[in-house]
Protein chains: 2
Amino acid sequence: MEEDGERQLNIGEIARRANVSTATVSRTLNQSGAVRPETARKVWRAATALNYYPNSHARALVSGRSRLLGLIVSDITNPFFPELIHSFESLATQHQYDVILTSTDYQTLRMTGCVRRMLERKVDGVAIMTSEMDLGLIKELARRGVPLVFMDVGRVGARMSHVLIDYANGIRQAVDHVVDLGHKRIAFITGPLDLHSARTRRQAFLDGLRAHGIKGDPKLIREGTHTAEGGQQAMAALLRAGKPPTAVACSNDWTAIGALHAIDAAGLRVPDDISIVGFDDIPLASYTNPPLTSVRMSAGDVGSMAFDALFRLIGGDRLEGDVYQVPTKLVVRQSTGKPKRA
Amino acid sequence: MEEDGERQLNIGEIARRANVSTATVSRTLNQSGAVRPETARKVWRAATALNYYPNSHARALVSGRSRLLGLIVSDITNPFFPELIHSFESLATQHQYDVILTSTDYQTLRMTGCVRRMLERKVDGVAIMTSEMDLGLIKELARRGVPLVFMDVGRVGARMSHVLIDYANGIRQAVDHVVDLGHKRIAFITGPLDLHSARTRRQAFLDGLRAHGIKGDPKLIREGTHTAEGGQQAMAALLRAGKPPTAVACSNDWTAIGALHAIDAAGLRVPDDISIVGFDDIPLASYTNPPLTSVRMSAGDVGSMAFDALFRLIGGDRLEGDVYQVPTKLVVRQSTGKPKRA
DNA sequence: ACCTCCGGGGGCATCGATGACATAGAATTC
DNA sequence: GAATTCTATGTCATCGATGCCCCCGGAGGT
């Protein structure tokens with residue numbers, strides 16, 4: 001009761017007020033087809049007067065395109081993701097897409113749920129950056145022709161692109177840097193080794209050493225967890241176990257931060273006693289004590305490349321997917337220096 | 001060409017394969033109405049065989065409910081938001097809602113766009129945490145009966161709730177702490193004062209001092225920007241301007257981190273020369289040097305309260321909005337200590 | 001004067017799922 | 001055994017926007 005003029009506020013209501021048909025309203029609002037300027041003005045006036053907004057569900061239903069994109073990540077609270085999400089979302093908005101964000105919390109089961117929801121929402125494309133996968137569901141997405149972009153992992157196939165992070169080059173720059181400073185005993189704290197990307201970084205480290213003719217000492221490779229706690233423990237272990245390294249490269253910045261703390265706790269100083277290199281260059285890297293030398297990999301770049309890749313696939317320019325490389329770059333701050341006795 | 005059995009994969013296709021009507025399929029899948037177990041099994045078999053997922057747009061169109069929630073924030077890269085988003089999204093998923101995330105980048109214009117998109121997507125509710133508002137659009141949302149939850153700002157009205165952060169109490173705890181340690185000259189670095197919440201925190205600080213009979217010295221109140229740079233500059237200014245304070249409270253943790261750096265750069269030590277208290281207790285607060293004493297305000301709590309508030313409004317339990325308070329709690333670490341000469 | 005063309009605009013089926021209503025049998029009641 | 005109730009299922013309008021098809025009337029051609 002008390003409906004006053006509200007009814008449903010749809011295209012029909014506008015048509016009534018403008019004394020035209022719904023078809024004309026649609027044509028006017030979408031600027032498709034020919035409409036006399038005078039008529040168009042009547043329609044626009046009615047639409048703005050009523051504060052009309054088209055119903056996207058009805059649109060999606062008839063057109064088959066939802067202008068929705070899915071973004072699936074493992075865990076938003078991982079400091080790498082916010083920038084990624086930000087630039088992805090920003091580009092999407094610019095192109096009139098909305099973004100459905102879901103996270104898997106590192107659980108395959110939740111990944112399954114995420115993919116199913118994307119399917120139900122009829123998203124126009126999905127960008128995925130998680131360590132866990134539900135291959136069956138992914139195939140289902142592909143089978144229905146939903147464009148996919150994988151970040152950091154996955155395969156390229158029909159309507160699937162792949163944004164790769166150039167770990168090899170990044171780690172290589174880090175190794176070159178400390179070797180150039182004169183270091184020989186160089187340790188590496190890895191990420192959790194069930195992660196593909198963590199294994200890649202470790203391998204890149206070993207390759208980098210070899211390129212300088214340094215033999216990697218297995219005792220100087222420790223597994224971390226990509227968290228500060230993990231870095232702290234791994235570093236503490238390195239310090240306890242015999243002759244400590246003079247430089248330590250870390251699989252990510254949080255690990256490096258943990259390592260800084262372990263060194264501090266042991267009464268040693270960075271970089272005088274031990275040099276530390278991080279990876280990712282998260283914003284806080286400039287604010288550690290001392291400021292952290294790190295390999296910058298712009299999460300924002302990853303996000304925007306993912307959007308571009310998706311956009312291209314949606315446009316149908318390319319049916320076969322592409323591979324994109326995110327560049328990395330060493331940022332030297334004050335956590336690295338010459339070893340004590342060269 | 002090459003259609004094979006694919007057709008459209010809708011409820012009708014399932015009905016055909018199971019030799020029933022679409023209504024029966026709908027009833028089976030939604031477990032509404034009575035269906036003979038045997039019939040139900042036929043339907044389920046057909047549905048799973050075809051890997052069928054309901055079209056949410058069609059559902060939303062007919063039911064008027066989209067099972068979508070909007071989440072509007074200023075800026076995802078602000079380290080406060082990820083945890084908030086995480087817990088909001090997590091609860092939403094548990095209740096079969098999807099989340100559309102948008103950010104305003106602190107621009108009112110983008111806020112307008114965000115709200116319009118929410119309206120078009122027919123979201124079932126919106127949670128908002130931004131400093132900028134488009135009051136006209138917000139009213140539009142309210143007028144259409146879209147449940148709203150504001151975090152940290154805004155008014156309570158019909159179908160609008162409000163999640164408040166208990167700044168007064170948090171700041172009060174911080175002040176009590178340093179006063180108990182024996183400090184008298186206590187400075188405060190504010191956030192950007194065009195932010196309502198920043199002004200609230202400053203006022204809480206002044207009130208806290210007064211409660212201890214300490215007169216606030218205007219020279220000891222400096223405006224920051226809620227960033228590390230801002231904190232660094234404000235702290236540097238405090239150090240230059242005559243007799244420095246023995247303790248500094250900061251409007252957020254990034255500000256405190258900047259302050260730590262400025263003190264370090266000046267060759268002074270924390271907490272021996274100056275004590276520092278932060279606000280927010282972001283994850284990294286335990287990893288500064290020294291670890292930061294801070295007032296914990298769980299961003300996750302804010303997110304989950306916002307969801308609960310929204311859920312209650314959607315359920316229609318309460319037409320009038322409610323006010324929720326997020327508690328705060330002082331976490332003492334090593335950046336605070338007794339003043340040099342008590 | 002008649003036909004053709006075309007700009008402008010209305011009618012209606014359509015997208016997929018739902019639910020109110022209708023109906024055919026079976027089960028229950030008197 | 002007829003009347004009445006269920007129970008299980010089918011029919012069909014509906015949600016809002018779109019786009020195909022058709023129609024009307026005026027301009028231009030012969």
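**Sheets, helices and DNA-facing surfaces in the predicted model**

In chain A, six strands form an open sheet of mixed pairing, ordered E7-E6-E8-E9-E10-E12. Strand E7 (221-223) and strand E12 (328-331) of chain A are the edge strands, each of them pairing on one side only. From one strand to the next, the twist of this sheet averages 20°.

Strands of a sheet pair through backbone hydrogen bonds, in either a parallel or an antiparallel manner. Strand E10 (residues 293-297) of chain A and E12(A) are paired in the antiparallel sense, with 4 bridges between them. Within this pairing, Arg296(A) has Lys329(A) of E12(A) as its bridge partner.

Helices cover the chain A sheet as well. Helix H8 (residues 167-181) of chain A lies across strand E6 (186-190), strand E8 (247-250), strand E9 (275-280), E10 and E12 of chain A, and runs at about 165° to E9(A). Helix H11 (residues 253-265) of chain A lies across E6, E8, E9 and E10 of chain A, with an angle of about 155° to E9(A).

Turning to chain B, an open sheet of 6 strands with mixed pairing is found in the order E7-E6-E8-E9-E10-E12. Its edge strands are strand E7 (221-223) and strand E12 (328-331) of chain B, each pairing on one side only. Neighbouring strands of this sheet are turned by 20° against each other on average, direction ignored. Helix H8 (residues 167-181) of chain B packs on the sheet, where it touches strand E6 (186-190), E8, E9, strand E10 (293-297) and E12 of chain B, and its direction makes about 165° with that of E9(B). Helix H9 (residues 196-211) of chain B lies across E6, E7, E8 and E9 of chain B and runs at about 170° to E6(B). Inside the sheet, strand E8 (residues 247-250) of chain B and strand E9 (residues 275-280) of chain B run parallel and are joined by 3 bridges. Here Val248(B) has Ile276(B) in E9(B) as its bridge partner.

The axes of helix H1 (residues 11-18) and helix H2 (residues 22-30) of chain A come within 8 Å and cross at roughly 100°, so H1(A) and H2(A) are roughly perpendicular to each other. On the H1(A) side, the contact is made by Ile11(A), Gly12(A), Ile14(A), Ala15(A) and Ala18(A), and on the H2(A) side by Thr22(A), Val25(A) and Ser26(A). By class, the residues of this contact are 5 nonpolar and 3 polar, with no charged ones.

The surface near DNA strand D divides into 13 nonpolar, 13 polar and 2 charged residues.

DNA strand C is surrounded by 27 residues, with Ser21(A), Ala34(A), Asn10(B), Ile11(B) and Ala58(B) the closest.

Technical notes
Residues are numbered from 1 along each chain as its sequence is written. Chains are lettered from A and ligands numbered from 1 in the order in which they are written. This is a predicted model: local features need pLDDT of at least 70, side-chain atom pairs count only at pLDDT 80 or more; totals for chains, interfaces and linings use all residues. Axes are lines fitted to C-alpha atoms, for helices over the stretch in contact, and angles run from 0 to 180 degrees between N-to-C directions. Helices (H or I, at least four residues) and strands (E, at least two) are DSSP runs, numbered from the N terminus. Angles under 35 degrees count as roughly parallel, over 145 as roughly antiparallel, 65 to 115 as roughly perpendicular and the rest as oblique. Two residues are in contact if their C-beta atoms, placed from the backbone, lie within 7 Å. Ala, Val, Leu, Ile, Met, Phe, Trp, Tyr, Cys and Pro count as nonpolar, Asp, Glu, Lys and Arg as charged, and the others, Gly among them, as polar. Two strands pair if DSSP finds at least two bridges between them. A residue is near a molecule or strand if its C-beta atom, placed from the backbone, lies within 6 Å of it.
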